[in-house]
Amino acid sequence: MAGNSQRRGATRSSNKKGAVAGTGGKNRRALEGRGPTPKAEDRTYHKAHKAKVAAERRDATSSGPRAHDAKSAARGGRPSGRTPSRTTRSSSANEVVNGRNAVLEALRANIPVSAVYIATRLEADDRTKEILNIASGRGYNLLEVTKAELDRMTDGSVHQGVAIQVPPYDYADPEDLLDRAHEAGEPPLIVALDGVTDPRNLGAVLRSAGAFGAHGVLVPERRAAGVTASAWKVSAGAAARVPVARATNLVRTLTEYKAAGCFVVGLDGGGPVAVGELAFGKDPLVLVVGSEGKGLSRLVRETCDVVASIPILSDVESLNAGVAAGISLYEVARLRAAED
């Protein structure tokens with residue numbers, strides 16, 4: 001499939017509506033960087049900007065110190081002391097995270113834990129020893145159960161003798177991912193999933209995102225995989241370190257990211273430019289991965305600045321979402337390292 005991407009500001013030869021093909025890496029001048037991502041309070045669509053304007057209006061009409069309002073506006077209107085990420089919607093039921101790596105990473109990241117389950121006659125290693133030390137040190141409920149009970153709790157998955165029960169996952173706001181990059185002093189790198197429904201693919205994307213320095217993963221609120229126990233397991237604990245945001249409307253959120261200075265790059269086997277040849281790899285980027293069967297949806301494809309491909313052998317039909325995201329993130333990391 002050919003990319004229908006359009007670089008904002010590109011000249012049209014007529015007034016006829018329609019997508020303009022992206023230039024990809026063929027014209028570097030046309031794809032110059034958009035500069036640093038504006039601060040949250042400087043983005044007109046961001047709630048921090050609205051809070052800042054409201055605070056300025058109150059200052060203009062009344063006297064008295066407004067230090068608290070200014071600080072609140074700078075944090076995006078959040079109450080003092082509230083962590084800026086993972087602050088919104090959550091799943092509706094407790095999740096069981098299992099596997100030694102996933103459990104250990106979750107405990108290291110101070111994810112809230114309701115109970116820790118250890119199999120009887122467990123063959124200990126360095127990971128299980130650290131798990132026990134953390135659990136006992138924090139006063140978690142430590143329960144010894146049979147292997148059959150763990151099998152039942154984890155739906156027969158490979159639990160390696162350990163599991164934890166965690167509260168529902170708290171999703172971040174989409175704007176929080178940009179704020180995270182700004183706080184780190186780095187150009188944003190975000191992975192957006194367009195209709196990916198397999199939680200194992202989400203887990204694989206989270207693992208790659210953590211490995212290659214992405215600032216978060218964006219998923220649609222509906223008809224898409226969320227952070228479940230399966231995603232936790234495959235992520236090998238990366239779900240504890242990489243925030244996941246939910247978008248009520250993916251196209252609208254991608255448009256807001258573009259307004260904030262990000263290039264939106266869709267991944268598709270028929271893209272006109274290879275992902276490793278993007279002319280703006282060092283700029284703020286949102287990589288959009290399509291669903292397992294249909295790829296990028298039409299509206300998402302039309303929202304992308306460019307559609308890029310991963311060159312593969314002709315006898316291989318396609319790559320799954322997790323593999324495609326991992327390869328693309330590696331290529332972006334390589335481009336950024338080469339340009340430093």
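**Exercise 1.** In this predicted model, work out how the residues lining the second largest pocket divide into nonpolar, polar and charged.

*Solution.* Begin with the lining as a whole, which consists of 13 residues. Sorting them by type gives 5 nonpolar, 4 polar and 4 charged residues. Next, look towards the centre of the pocket, where Pro 220, Arg 222, Arg 223, Thr 248 and Leu 250 are the lining residues that lie nearest.

**Exercise 2.** Find which residues of the largest nonpolar core touch the most other members, and list what Leu 193 touches.

*Solution.* The core has 59 residues, and those with the most contacts to other members are Leu 193, Leu 202, Val 217 and Leu 278. Helix H11, spanning residues 321–339, gives the most to this core, contributing 6 residues. Leaving aside residues up to four places away in sequence, Leu 193 touches Leu 202, Val 205, Val 217, Leu 218, Val 219, Pro 220, Leu 250 and Val 289.

**Exercise 3.** Determine which parts of the chain the salt bridge between Lys 258 and Asp 305 links, and whether the two residues are buried or exposed.

*Solution.* First locate the pair, whose side chains meet with 3.9 Å from N to O. Lys 258 belongs to helix H9 (residues 250–259), whereas Asp 305 sits in the loop between helix H10 (298–303) and strand S11 (306–309), so that distant parts of the chain, 47 residues apart, are linked. Then apply the cut-off: buried means under 20% relative accessible area, and both Lys 258 and Asp 305 are buried.

Methods
Residues are numbered from 1 along each chain as its sequence is written. This is a predicted model: local features need pLDDT of at least 70, side-chain atom pairs count only at pLDDT 80 or more; totals for chains, interfaces and linings use all residues. Side-chain values use heavy atoms; hydrogens and water are left out. On a 1 Å grid over the protein atoms alone, a cavity is a set of points where a 1.4 Å probe fits but cannot get out, and a pocket is an open set with protein on both sides within 12 Å along at least five of seven lines; lining residues have an atom within 4 Å of a point. Ala, Val, Leu, Ile, Met, Phe, Trp, Tyr, Cys and Pro count as nonpolar, Asp, Glu, Lys and Arg as charged, and the others, Gly among them, as polar. A nonpolar core is a set of buried Ala, Val, Leu, Ile, Met, Phe, Trp, Tyr and Cys residues joined through side-chain atoms within 4.5 Å. Buried means under 20% relative accessible area, exposed over 50%, partly exposed in between (1.4 Å probe, protein chains only). Helices (H or I, at least four residues) and strands (E, at least two) are DSSP runs, numbered from the N terminus. Contact means heavy atoms within 4.5 Å. A salt bridge is a side-chain nitrogen of Lys or Arg within 4 Å of a carboxyl oxygen of Asp or Glu.
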